[in-house]
Amino acid sequence: MKSQETMLCCLMLFLATECSHHYRSKVRIKDGDKYQHPEGKLKTGTIQEKCRGPCLTASNCSQPCAQHFRGEIGFTCHQNKWQKSTETCTSLSVETFFKDFNSALRLSVAAASVPLYVLDFRAPEPLESVAQGIRRNCPVDYACIIDVVKSSEATSGNIAFIVELLRNISTDLSDNVTPEKMKSYSEVANHILDTAAISNWAFIPDKNTSSDFLQSMNLFARQLHIHEDSENIADELFIQTKGFHINNDTSEKKFNFSTSMNNMTEGIIGMIEIPRQELWKLPPNASQAISIAFPTLGAILREVHLPNVSLPRPVNGLVLSVILPERLKQVLLTFEKINKSQNARAQCVGWHSRKRRWDENVCETTLEIMNKVKCQCNYTGMVMSFSILMSPKSVDSKVLDYITCIGLSVSIFSLILCLIIEAAVWSRVVVTEISYMRHVCIVNIAVSLLIANVWFIINSNFHKKAQDSKWCVALTFFSHLFYLSLFFWMFFKALLIIYGILVVFRRMMKSRMMAIGFAIGYGCPLVIAGTTVAITVPEKGYMRPDACWLNWDNTKALLAFAIPALVIVAVNLVVVLVVAVNTQRPSIGSSKAQDLAIIMRISKNVAILTPLLGLTWGFGIATLIEGTSLIFHIIFALLNAFQGFFILLFGTIMDHKIRDALRMRMSSLKGRSRAVENASLSPTNGSKLMNR
């Protein structure tokens, strides 16, 4: 036994001496499709000495790392070109961490059961010796390794080395984890989570490295013992750790995070909430809750894929880990989307540490409001980290594009036809003040919606070019103005109903009625739209970040359209119900009976159009608030795009007075054409033609 220990010490001393020199590339002896290490161990694969020039598909190549780095860079031939596939270049070793130790002494205390390799090095070094060095040099806070880690380049080999180091620390040095140790641990982890290092994770040969890193972080945090009631334990750029004490009397607790991405000024927000009913499960004595936020880990995590399984969807929020007492089984999470496109729908998921993939079954998306998503997730020992993925069902659907394109074409054509019909029958249908103003309303409703549709088309084609400019402000303002005018003219129609029923003996002059109508139909929308611009533009909260339309996230400017529209819909429906009751009484006088018939037609028109318009924008609000199903967007697109057709059908064609006027108009036109034809065929006219 002693002889074995002596031989092991001599071997380790020899290895330490060899590691002190610069790494030299392995010598390969090419033999067909096989190459041989100096130790005589055979490996398969087509290897070329130089990874340059054309190549054969599926062939491999490797070359040594740059000076002062140990390891090699692997290349794979893809489309007749060499592409980098793996990298094990590292400048870190046991010597770089503890240069003041005697190499033989340090290596002799390493456990014999620890493998003598971590990466594919010429002289493998057991990482257990680093743990031994930490115990001797910095047992309080691990500060002795931070400077070495921060000064190292974040190559793929160094990242793998640091992940293995963190894994060993979480396994061998987690007996008494203090906030000071957690802070040092987080500083080491922060170095390999930098945005500049993200691309290098892809070249680590072991594809489970990112999953091992997350599991090591959660395992180490599980052993943490916090002192104060609420602590900000680590506040690095790419990792934040917080913790507090909880028991069954604790009110609802929340972890609030805001971390920057790519040096942005504004941070991405994430929140973890422990429901009150969950806290009731805790015993009276104090427990603790710990959470960690990772802004860049979502882009780093690699999943283990089964055959015939598609590639993962990108993570679109922070990765939030939470360590709770075993009795707690449920948490509520709020994520802000990194990709804030209006088509970036979200799906809540949890990371399953054993399966090494995102699990959709442990979370439920409870609410999605624009750029924020709320999730309800089940917490277990295997699932402690959560995030949101880009949904596979994008709202940017060709079905919606076709519906919108066809619908708007039909709507614009219908509105133009409506105006033509109104112009053709105008003199025959405007008999009284009430009928006159009714058709004024129909014309202005059609004009407002026609202009609004035109602005919508302009928005769709030019909003990307006009974004963040005065043009975008103008597009949003006029769209807002004319969509509001549509509803306020509907409201004025309801007022006409009340006027026709209540005013019996005295009639208002047409000029005064016109002034009131235009003040309501265009004046009120102008005041609302202008006030919205004046209040929100200085705060840069007037428009949405991805389109020329009213903002919702920051200033809730969209309420300046939604509230008036939905209030008018509700008021109009109440007016129609009230009139339906009051008009059951018999009228006195023929003129009043004539007006009553007109009022009933207006009421019928409003009763049909108001629910349609209200239902249209009701679905619009539903897609804004929930946004969980494509069917809501399809229904909204259908109703919204065909509004012009509804106005033509229910406001014009279904009115029998207009139909009668059209028939009379057509009859008169036919009569004139026949008269002209008869005149041209008369004998007198024929003799004149012969004389000519």
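These notebook entries record what I looked up in a predicted model.

**Conventions**

I worked on a predicted model in which local features need pLDDT of at least 70 and side-chain atom pairs count only at pLDDT 80 or more, whereas totals for chains, interfaces and linings use all residues. Residues are numbered from 1 along each chain as its sequence is written, and side-chain values use heavy atoms, with hydrogens and water left out.

**Entry 1: the three-stranded sheet**

I began with an open sheet of three strands, which runs in the order β4-β5-β6 with antiparallel pairing. Strands here are DSSP runs of E with at least two residues, helices are runs of H or I with at least four residues, and both are numbered from the N terminus. Two strands count as paired if DSSP finds at least two bridges between them. I noted β4 (60-64) and β6 (81-87) as the edge strands, each of which pairs on one side only. On average, neighbouring strands of this sheet are turned by 30 degrees against each other, direction ignored. Axes are lines fitted to C-alpha atoms, for helices over the stretch in contact, and angles between N-to-C directions run from 0 to 180 degrees. I then followed β4 to strand β5 (residues 72-78), where the antiparallel pairing extends over five bridges. Gln 63 stands opposite Ile 73 in β5.

For helix α6 (residues 156-172) and helix α7 (residues 179-192), I found that the axes come within 10 Å and cross at roughly 155 degrees. The two helices, α6 and α7, are therefore roughly antiparallel; angles under 35 degrees count as roughly parallel, over 145 as roughly antiparallel, 65 to 115 as roughly perpendicular and the rest as oblique. The crossing of α6 and α7 is left-handed, meaning that the near helix is turned anticlockwise from the far one by less than a right angle. Contact was taken as heavy atoms within 4.5 Å. Residues of α6 including Ile 159, Ile 162 and Leu 166 meet residues of α7, among them Tyr 185, Val 188 and Ile 192. I recorded nine nonpolar, two polar and one charged residues in the contact of α6 with α7. In this division Ala, Val, Leu, Ile, Met, Phe, Trp, Tyr, Cys and Pro are nonpolar, Asp, Glu, Lys and Arg are charged, and the others, Gly among them, are polar.

Next I turned to α6 and helix α8 (residues 209-222), which pack at about 30 degrees with their axes 9 Å apart. Helices α6 and α8 are therefore roughly parallel, and their crossing is left-handed. On the α6 side, Val 163, Leu 166, Arg 167, Ile 169 and Ser 170 meet α8 residues, including Asp 212, Phe 213 and Phe 220. The contact of α6 with α8 divides into six nonpolar, three polar and two charged residues.

The axes of α7 and α8 come within 11 Å and cross at roughly 170 degrees. I therefore noted α7 and α8 as roughly antiparallel. Lys 181, Met 182, Tyr 185, Ala 189 and Ile 192 in α7 meet Phe 213, Ser 216, Met 217, Phe 220 and Ala 221 in α8. By class, the contact of α7 with α8 has eight nonpolar, one polar and one charged residues.

**Entry 2: the five-stranded sheet**

I traced an open sheet of five strands in the order β9-β10-β13-β17-β16, with antiparallel pairing. Strands β9 (253-259) and β16 (363-369) stand at the edges with a single partner strand each, so one side of each has no neighbour in the sheet. Neighbouring strands of this sheet are turned by 15 degrees against each other on average, direction ignored. Strand β10 (residues 268-274) pairs with strand β13 (residues 330-336) in the antiparallel sense over four bridges. Gly 270 stands opposite Phe 335 in β13.
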